Amino acid sequence: MELQLDSMAGAIGVSVPVLRFLLCFVTTIPVSFLWRFVPGRLGKHLYSAVSGFLLSSLSFGLSSNLHFLVPMLLGYASMVLFRSRCGILTFFLGFGYLIGCHVYYMSGDAWKEGGIDATGALMVLTLKVVSCAINYNDGLLKEEGLSETQKKNRLIKLPSLIEYFGYCLSCGSHFAGPVYEMKDYLDWTEGKGIWSHSENGPSPSPYGAMVRALLQAAFCMALYLYLVPQHPLSRFTDPIYQGWGFWRRLSYQFMAGFTARWKYYFIWSISEASIIVSGLGFTGWTESSPPKPRWDRAKNVDILGVEFAKSAVELPLVWNIQVSTWLRRYVYERLVPKGKKAGFFQLLATQTVSAVWHGLYPGYIIFFVQSALMIAGSRVIYRWQQAIPPTMGLFKKILVFLNFAYTLLVLNYSCVGFMVLSLHETIASYGSVYYIGTIIPIVLILLGYIIRPAKRVRSKARKEQ
């Protein structure tokens, strides 16, 4: 068996651990499909927990499940013993353990060199455990003080251990996401809400959407395998790269970032297919005639939305969508004082949590600080754009294009840090293009304080209405 894996891994240019992970990862699709035929609620919870346990053992080794058990049990114990503080307790305990694993396994180096370990799955699990505890904490609060999202997701009753384990280890999302809410998992398993057959008629067919996700995955992997040999990360420290001119170095950074994204597109497309075929990805029906099923819960990336984003503000809405949603719900919005508007502090704090979640590598920290600057700079251009009167349509279109070009430039510049990880390589790669992707956002932010667009004056007739 090992000899077969060696030959297969060599044929496609990956390591044996990565090939083993990919085989288990793709297996989540038929395993998720079979979930539909498991009888009874208890049976479905057991199937979710056991299938996730077995596939992660085959992929990462039996010891990986011990790492998963630690945050799961810490989170559940916090909910049982300290309900009024279980959200904040689980947040720090879960993230503390995740950071410890990142440091111990040096997971970023392993991923960079083509290896794999269980910390990627642990990252997803940590978000699930934390959100479950926070929602159980919210169950104590009065409804009038909660947002609509908090009301929808809060948990009044403590989930049973088997429900909790099924939610945490459900194989369709266990390896690479997407992250979803405990309330949705329970409704899906129990056939409630939008999954109720009596209220909503027959179940939507998942097969067309699943095939589309699989075709997308195949295209993404093919393009990645074609591009990656032409744009190795080692080139950034190569004397050949240093001998190039500014524009060639900048274009290489652009292509390196562009190439790396297709790996993530492939992974998320497989996850999407798995969640769709299980039925969990269903989020309702479109208003078209005839209505079509929507599978938004399964979607983790909008490829065209990323590659053609008109503004950096759009990126969290189209890239790693479910994690971005988690960060907005459980970090960004909860840091905004009542009656106040969110500002740069909330944005920076959210990006910092995202960086720590990925690992304590300087490249991650720098990338997410860069992201906060990138988004803030893009907001300045957008405010200028909105202040342009309708009579100056051409100038407004120029600003729209500039925001698009700015987003493309700064995104691909910034993500080099996310790929190379080390402080030396990150600074060297940024310095090779004269820190252009750092200087431009800072200049825009400063100009935003100087060039403040005037607020539009409402017409007298409109005021009297």
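1. A nonpolar core, as the term is used here, is a set of buried Ala, Val, Leu, Ile, Met, Phe, Trp, Tyr and Cys residues joined through side-chain atoms within 4.5 Å. The model is predicted. Its largest nonpolar core has 97 residues. Tyr-164 and Trp-326 have the most contacts inside this core. Helix H7 supplies the largest share of the core, 12 residues.

2. As background, nonpolar side chains tend to be buried together in soluble globular proteins.

3. What does Trp-326 touch, once its neighbours within four places in sequence are left aside? The contacts are Phe-91, Phe-95, Leu-127, Val-130, Ser-131, Val-179 and Val-331.

4. Next, the packing of H4 and H7. Helix H4 spans residues 64-81, and helix H7 spans residues 119-138. Their axes lie 10 Å apart, at an angle of about 5 degrees. H4 is therefore roughly parallel to H7, because angles under 35 degrees count as roughly parallel.

5. Which residues make the contact between H4 and H7? From H4 come His-67, Phe-68, Pro-71, Met-72, Gly-75 and Met-79. From H7 come Ala-121, Leu-122, Leu-125, Val-129, Cys-132, Ala-133 and Tyr-136. The contact of H4 with H7 counts 11 nonpolar residues, 2 polar and no charged.

6. On cysteines: the structure holds 0 disulfides. Cys-132 is in none, and the nearest cysteine sulfur, in Cys-168, is 6.8 Å away. A disulfide here needs two cysteine sulfur atoms within 2.5 Å. Cys-132 is buried, with a relative accessible area of 0%. This cysteine also belongs to the H7 side of the contact with H4.

7. Cys-415 is buried, with a relative accessible area of 10%.

8. Last, Thr-438. This residue sits in helix H23, residues 436-450. Is Thr-438 buried or exposed? Its relative accessible area is 18%, so Thr-438 counts as buried, the cut-off being under 20%. Leaving aside neighbours within four places in sequence, Thr-438 is in contact with Gln-370 and Tyr-413.

Note on methods:
Residues numbered from 1 in each chain as written. Predicted model: local features only at pLDDT ≥ 70, side-chain atom pairs only at ≥ 80, totals over all residues. Heavy atoms only, no water. Axes fitted to C-alpha atoms, helices over the stretch in contact; angles between N-to-C directions. Helix = DSSP H or I, 4+ residues; strand = E, 2+ residues; numbered from the N terminus. Parallel < 35°, antiparallel > 145°, perpendicular 65-115°, else oblique. Contact = heavy atoms within 4.5 Å. Nonpolar A, V, L, I, M, F, W, Y, C, P; charged D, E, K, R; others polar. Buried < 20%, exposed > 50% of the residue type's maximum accessible area, 1.4 Å probe, protein only.
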